[in-house]
Amino acid sequence: MDREDVILEQVLEAVEARTPVAIHGGASKAFYAQPRSGEPLDLSGHAGIVEYDPGELVVTCRAGTPLAELRQALAEHGQHLPFEPPAFGEKATVGGTVACGFSGPRRPWAGSLRDYLLGVRIINGRGKALRFGGQVMKNVAGYDVSRLMAGSLGTLGAILETSFKVLPKPLRERTLRFEMEQREALGQLAKWSGKPLPLSASCWRDGQLFLRLSGAERETARAAESLGGEAVDEADAFWRELREHEDEFFSSGPLWRLSLPPTAEPIDLDTPCRVEWGGAQRWYVTKANPERIRAAAASAGGHATLFRGDIDDIPRFHPQAKGLQQLQERVREAFDPYGLFNRGLLAPKR
Amino acid sequence: MSTVSKSQLLEELAQAVPREILIDSEEALHPFECDGLSVYRQLPLLAALPENTRQVREILRCCRRLGVPVVTRGAGTGLSGGALPFAGGLLLVLTRLNRILELDAAARTVRVEPGVRNLAVSEAAAPHGLYYAPDPSSQIACSIGGNVAENSGGVHCLKYGLTVHNVLEVRLLTIDGEELVLGGPALDAPGYDLLALINGSEGMLGVITEVLLRLLPIPETAQVVLAGFARIEDAAEAVGGIIGAGIVPAGLEMMDRLSVEAVESFIAPGYPRDAEAVLLCELDGGQAEVEEQMQAVNEVLSAHGATSLRVSQSEAERLGLWAGRKNAFPAVGRIMPDYYCMDGTIPRRELPRVLREISVLSKQHGLRIANVFHAGDGNLHPLILYDANAPGELETAERVGAEILSLCVKAGGTVTGEHGVGMEKIDSMCEQFEDGELEQFHALKAAFDPDGLLNPGKAVPTLHRCAELGAMHVHGNRLPFPDLPRF
């Protein structure tokens with residue numbers, strides 16, 4: 001249902017009165033949104049697929065469209081969102097997914113959410129409904145505001161509508177399992193990633209490396225044969241549990257996401273971990289000193305996000321260099337001069 | 001903006017950087033008066049060719065202090081006048097920052113300075129079985145800094161993405177000379193995705209001094225099929241058919257009869273001269289996958305009425321078939337003294353209709369138009385043929401160009417797919433964006449460059465300019481380019 005008029009009116013009132021607003025969709029990722037003040041602005045009713053032509057490989061839908069509904073619509077035509085976004089709950093909406101900018105297991109090989117984002121319609125902090133990008137794959141007219149919305153956590157504006165590039169689903173997927181320690185797994189992943197193999201996901205945990213191959217029947221069969229390992233049956237559930245954090249590991253304490261160069265040495269935080277994305281994304285459930293965690297990530301060339309759970313006085317996101325932080329604040333002001341949207345969510349002023 | 005004189009700027013800069021890197025004589029400045037779009041020419045006050053980042057910083061600080069505009073230029077191959085100098089400003093030429101700093105084969109990344117040529121990256125990566133995917137047609141000459149500034153594409157971006165998809169980190173100097181690191185070797189940096197924003201920002205937000213690029217494994221094999229069609233509509237529909245069949249080709253290019261005739265007379269790649277249109281469809285990947293998909297592609301092409309099919313049987317034959325496409329622009333350049341290359345993108349399903357309307361425009365205005373383009377992603381490159389020495393022909397060509405872009409916007413597309421807005425398409429931007437959107441662009445620019453010193457007058461038109469154009473547009477229903485000042 002198209003509720004743009006209602007939403008616009010609500011935002012205009014907020015702008016007029018300088019009232020902060022807290023945007024939400026299905027609230028499936030509320031764990032990720034730090035406490036924020038403001039009148040709730042519910043986008044979940046602004047839903048529905050606006051345009052989907054499988055031959056164009058482009059889908060446009062309203063922000064409140066359930067992610068599950070979008071997935072289903074694409075699947076009916078043998079297509080998918082290649083960045084494999086996690087939903088983290090049945091109520092997840094497309095708008096919330098874009099605002100969080102999450103990508104799943106396929107990310108290092110297929111690209112991230114922002115890579116597939118072609119266009120957006122937003123309401124900015126002046127109460128103006130604006131359209132950026134579009135429904136074509138190549139578009140360099142004006143600054144790429146669309147991709148800027150990915151991961152902006154709604155702090156630049158209320159995302160009303162998004163267009164994604166979509167792709168055909170792989171014809172065949174196979175999963176292999178190898179017994180190996182983390183260091184060896186990282187070395188192997190680096191070696192395999194440099195070869196033209198149809199890799200599409202990896203996960204190391206508890207002395208085992210899982211590897212997913214995607215592509216044509218014969219191609220994946222041949223790659224599986226050359227790689228060795230043991231074939232894992234019905235592996236879809238395994239990758240879904242990993243993507244959706246259904247695996248108990250993810251809810252067993254404060255969850256840290258370390259984004260690192262894939263070749264970074266194993267980081268020991270005295271707890272088990274899950275290593276994804278060919279080594280580029282590593283999950284830790286640990287009560288280790290946050291300063292120590294961030295220092296370890298930074299010295300390896302990456303950053304650490306407190307993904308789930310809250311720790312007093314510890315910001316969720318890795319602190320940025322001062323100049324960059326200041327620029328981010330100016331960018332925010334360029335969209336939302338009164339700082340009304342999701343105040344304090346992304347870059348808390350201290 | 002400044003009223004600094006040439007001698008004053010020279011004096012100030014010479015205190016900050018070596019005198020030898022500064023160019024002030026008119027004679028020596030001439031090679032820099034235009035980029036790849038040579039109909040626009042302008043001499044800058046001065047040009048500077050820094051040899052390291054420290055010098056770039058000093059130059060920026062000096063210009064910022066004096067309020068002197070700065071236009072950054074790489075290899076100067078851009079096609080939209082994005083590197084056109086500013087009359088009272090400095091031209092910052094980064095071609096001497098051309099070192100490949102570090103290639104990490106295990107991490108599949110390479111760190112380069114902005115003046116490194118696109119092709120040089122793939123050449124350096126080749127011994128490791130790796131390559132850099134974006135391959136704009138000017139890849140022998142164009143440089144990475146310019147590729148990032150324009151978010152360059154190429155024939156393989158349907159499958160491998162644009163520059164924005166293949167850049168991990170950009171080091172940027174602001175107009176204040178402050179260094180910002182956007183992105184990094186770790187994915188998905190915290191905060192706003194300013195890395196994405198910098199790609200395609202046309203030198204308006206900062207000066208790129210270093211780029212970390214993602215490298216990919218060289219595919220095991222690649223094969224191309226050349227298909228001829230009796231009707232251009234059939235070829236256009238075959239494009240949708242291939243994509244609809246679940247195949248993502250590495251490249252999917254189309255050429256019309258006029259372009260085919262031009263390349264056949266030029267290098268004779270063996271394209272069917274009797275065809276109204278030809279498609280080149282390249283598949284790459286593992287041997288088995290390419291074989292499977294090639295069979296499927298051939299079935300789709302035949303089903304859409306292909307009159308001839310030729311599948312490359314060797315690497316030499318594959319390159320031979322591509323040579324026609326890659327030489328299309330110079331080949332067209334041989335049949336007429338000048339051509340004007342457009343760059344709109346439309347949804348693929350609109351291809352048949354928009355191509356028909358382009359041919360109507362061609363007949364109406366009496367200028368031949370050759371169509372050579374990236375059909376897979378709907379990125380049109382109509383080449384409008386004209387003779388700059390014939391009175392009024394350039395103006396007519398520009399008018400036809402603007403009307404083609406207008407067609408693209410109305411078809412749900414964009415005025416530029418990969419060449420950028422620059423100076424050239426500044427007026428067409430008024431058609432694609434509303435005032436509020438343009439205002440948002442200006443606000444974003446001001447967050448980086450509050451005084452508007454970087455590349456002034458490019459990429460995003462002022463609201464005032466659009467308002468004037470709009471008023472005239474209603475009266476004449478034509479864009480009266482020659483009557484308007486260029487700013």
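Good morning. In chain A of this predicted model, strand 16 is covered on both faces: Gln281(A), Trp283(A) and Val285(A) on one side, and Arg282(A) and Tyr284(A) on the other, are all buried. Buried means that 20 or more other C-beta atoms, placed from the backbone, lie within 10 Å of the residue's own. Because five of the five residues of this strand (281-285) are buried, strand 16 of chain A is largely enclosed by the rest of the structure. Strands are DSSP runs of E, at least two residues long, and helices are runs of H or I of at least four, numbered from the N terminus.

A word on conventions. Residues are numbered from 1 along each chain as its sequence is written, and chains are lettered from A in the order in which they are written. Local features need pLDDT of at least 70, and side-chain atom pairs count only at pLDDT 80 or more, whereas totals for chains, interfaces and linings use all residues.

Which strands pair with strand 16 of chain A? Strand 14 (255-259) does so antiparallel over five bridges, with Leu255(A) opposite Val285(A); pairing requires at least two bridges found by DSSP. Strand 15 (273-276) of chain A also pairs antiparallel with strand 16, over four bridges, and Glu276(A) has Gln281(A) as its bridge partner. Strands 15 and 16 of chain A form a hairpin with four residues between them, where Trp277(A) in the turn has a positive phi of about 55 degrees.

In chain B, seven strands form an open antiparallel sheet, ordered 15-12-14-13-17-18-16. Thank you.

How values were computed
Buried ≥ 20, exposed ≤ 12 C-beta atoms within 10 Å, placed from the backbone.
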